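Visitor: Please show the structure, and then let us discuss one residue and its surroundings.

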Amino acid sequence: MKLVGFGNFVFALSVLLGCPVSVSAEPGAYVGDATCYACHADTKAPYAKTIHARVLTPEAGRSEKMKLGCEACHGPGRAHVEAGGGKGTGMLAFRADDPENIAVENANCLSCHSGGARTHWKGSAHDSGDLACTGCHVVMENRSLRGQLREENEIETCTGCHLMQRAKTKRDAHMPVREGRLQCSSCHNTHGSVSESLLTHTSVNENCYSCHAEKRGPFLWEHAPVNENCLNCHTAHGSTRQKMLRLEPPRLCQQCHVESLHPTEARQPSNKFVIGGACNSCHSAIHGSNHPSGFAFTR
Amino acid sequence: MKRNRNCGLGRIAIASVSLFVLFNPPAFGDTDLGDLRISGELETGGRIVSGDFSSAPYEKYRELRPGMFGSGHFLLDKPDGRFYLRGEAIDVGERDELYRLELGRWGTGRLELDFGELRHPYSINARSPYSAGSDGVLTLPSGFASTIQGLGGNAAKSAGLAAALAGAPSTSLEFRQRSGGARLLFKPLLGIEFDTSYRLHDKTGTQPFSLGFGSPGGGFANFAAPKDERIHDVRSALRIVRDAWNLEFGYNGNFFRNDLDSITIDNPLLATDSATASSRGRMATAPDNASHAFSVSGSSSLDFLNLDFPTQLTGSISYGLRTQDQSFLPHTINSAVASALLNLPEDSLGGDVRTFVGNFQLTARPLPRLNLKLRHKIYDYDNHTDTLVLPGHSVNDGALVSSARSSTANEYRRNQTFLDASYRVNKVAKLMAGYEWEQWDRSSDREVRELDEHKLKLGLNLNPVRWAQLRMKYDVGVRRGSPYRPFHHLAHAVLETDTAAAQLQSQLVDLRKFDEADRIRNHFDVLAVLLPCEDVSVNLLGSYTRSNYDDSLYGLQDDERWDVGGDVVFRPHERVEIATNYSFESIRLQQKSRWRPRNFASPVVVIDDFVNDWLSRSRDRIHNAGLSVDVVLIPERLDARFGYEIQFANASTDTRGDSRFNAAPPPTSSGDGGSPFDYPDIENILQTFLSEVSYHVKENLTLKAQYRFERYDLTNFRFDDLDPYEGSSNIDGSGTIGSSLDVFLGNEIEDYNAHILALSVILEF
């Protein structure tokens, strides 16, 4: 009974909303896949293995546009065929080297792939930087297991431009990115977000807490800079310092603490305030404490 | 034992599949299975490893041990392209295994299942006298503490501790994370999508932790703390997508559960409780907590306004609730400390934080070549947790302190406004300019209530020829705050009337905490992408950032970082590809401190003398370089790949005193007089050499031989040769070595070198 109710709800919603993704060109402008493959035969075999080849067919297509096959993405081919092929015949070629065409081509991709993770694409860093969808994705063949990526995986794809981030994954303290257990998209939404650095969550800390929830609190005794930004003390992509810290303690802590209780001096390198856990040897609950006597983060 | 059995079964399965594949290779390509077709890849093989690879860094996040290994993926679907099942298995049977399974109908919906695990070793050399019992209680061997307690004087105790720790047994210092999840994504109609998922992270094992038993600077004990935590993450979303607009309603629940409420350890120096010190120490572990976030986001092309130019409004609001209500532990586990002052005002915190995020963005193209963007974001961290006043406390389970402490409901609001414009001059050039305003509005427990940063941004994209792109960005930001109130946080950490307590905690009044300090920041970015011909691609990049904390007499004063890098891919022949890369990053931090000796008797007197000022410059310099060559030796038969990568990182901290520290001792003999010390450089070198030969027996069957050499060398004075007893760790600034009464973990971080030879068979089907 509940399922029937749910089905009715979905049906009512769909009637109310109608179906998006329309076809604007004249029906006679389309030539069909067979005509395309007559000249572009070499693309057929690798393309046949892709998800697009499985979805953009008259049988499987869920909209008029999706039933058009090649022309769903490249546009109507009649003029191209009648001109004997070649450039400048009105078809979208998805070549990433023409900045003036990028917006048009991206809009074509977004006509099916809008919403969801791409809600904030418009005006995002990659959109503003004239990055084409085809700069990162390849539709005509499978180079990656998922996401139709240009390279074998996300890391190779993203670090094609973000070389420094690739270098940082090699550092002593790092996330399991180079081991392939975290992806760039574990933290970033490359298609746009409401946060700095295209983070998937609404702030740096929200991002970190999704896996490090033990540091979220709220605690009886809060360490205010922790609350505001994990990056006050840590780096995200890798560090030469332990625990992905920006600097070794005690100098890291001394950036904000020049105390009288601990005379703030450089200390001998063998001193207990420097080796091992350093400041954290006593202040081990540095992310916040819920102990009644833990105001100095020692309990 | 169970773990080993699983590994064994997994590897036996891999071996069986290997033999089957070698002698019965199926046909290539999409293999017909009646109404279904299957395609995929399977790799199985064996690995031998030699060298000195008993090292935590070698095993971090992965398993590369001798034995069988296997990975593979498949896609099973109907020829009409509708329903499919696909799966992936990586490192089957190993402790970094990962499995994914997906069942669905293309374009309509899918069910995803996954499971994986990950190792997080810290050190394989940790040694600790503590034995872990149940419920987070760690105990010392019988007689350990009583023997040391019975020794007279710190020197004798220190010697006794050294003897007791000499035979400390090794202890595991590693936790494992297992993660599993399920996701259901369903599009009942084009433009409507339901997306719901659940994920569990399970972390069990140990991690390095420490507890202090005296204050300040008294003895502490490091130990391998048990870890038994779970994170449950639930997400759900309804998305509606139309040509002109889209809308998403979302929910994200994240729940942290810790099976350990506290960790208790024996005091290595004391076997009996007294009114001034405890035989045990107990700390609260991270409390259970929950987070809920409800969000609505969407965008519209504003067609109903009938504007003559394209526009889009994007908006997102999110309301979050974070709660934490775990029962408090008592102030102390010390049976000899009891007082009505230690009565708790509440049984638990009743933590209640509400967050609100609003983000609105309007983009428009009023002229064909002009793009405008206006965006505002607000993040409000609104803390509704009650402030608790605790009339007394016990520092480190020691003596009762009849000085009240008040908790703080820290909160803040962050506003950001962006105005950006870009103008495409022609096919070659695009100009960008922007302005950004950021404001922090913090609660009164922080030194600076309001902080405003104004930033001006300029950019230029150039495409001088079709094969070259150049992107440059420059921005300058000036941050200024309301008056800095050095003592203001104390008003909320101790009661305002408690001046003695305030003095105890005092910070240098001229210190500026960098996250609240005035700042001038300059930033420059450049990226060049060159594709001069089909066989050559070149990427070059660089950036420079300098943050000058121009009002900070003490604390972080200057943060300068820059990097350069590039890579080149060159195909001199259709069968040869050469790729090389290099990058360098420099990070330089300058900060100033002051040695402020004081006495530990009432009245407290702090010596604040500028001759005790000192400066440090910390610098990270990291080089990365790599070269790889891919060669097709015999077309469609024999391929080879060779590669070498190296990272060399050096981190230094050098110090300089304005003069030798004031030799005058503090009011009572508790000072550390002396000079500031340079720290030895921290260096690490990671080298990887790879050579790989693939012989294609058939179109779909490949034999691969891989030799990999990895070498990791770390020099880190903080951990090198660290023993459970460190006799010279209680050293003062004059070089005088006092009695060490601390317990370390001996958790060195080990170097490694490993020669890894792997032979595998790869089947495509």
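**A glutamate and the interface**

Visitor: In which strand of chain B is B:E585 found?
Guide: This is a predicted model, in which local features need pLDDT of at least 70, side-chain atom pairs count only at pLDDT 80 or more, and totals for chains, interfaces and linings use all residues. Residues are numbered from 1 along each chain as its sequence is written, chains are lettered from A in the order in which they are written, and side-chain values use heavy atoms, without hydrogens and water. Strands are DSSP runs of E with at least two residues, numbered from the N terminus. B:E585 belongs to residues 576-594 of chain B, strand β30.

Visitor: Is B:E585 buried or exposed?
Guide: Buried means under 20% relative accessible area and exposed over 50%, with partly exposed in between (1.4 Å probe, protein chains only). Because its relative accessibility is 5%, B:E585 counts as buried.

Visitor: With which side chain does the side chain of B:E585 make a polar contact?
Guide: A polar contact is a pair of N or O atoms within 3.5 Å; within protein, one must be able to donate a hydrogen and the other to accept it, and residues adjacent in sequence count only if both atoms are side-chain atoms. At 2.7 Å, the partner of the B:E585 side chain is that of A:R171.

Visitor: Which residue forms a salt bridge with B:D620?
Guide: B:D620 is among the residues in contact (heavy atoms within 4.5 Å) with B:E585. A salt bridge places a side-chain nitrogen of Lys or Arg within 4 Å of a carboxyl oxygen of Asp or Glu. With the closest N and O atoms 2.4 Å apart, the partner of B:D620 is A:R241.

Visitor: How many salt bridges are there between chain A and chain B?
Guide: The contact takes 124 residues from chain A and 203 residues from chain B. Between chain A and chain B, the number of salt bridges is 19.

Methods: Helix = DSSP H or I, 4+ residues; strand = E, 2+ residues; numbered from the N terminus. Lists of a residue's contacts leave out its neighbours within four places in sequence.
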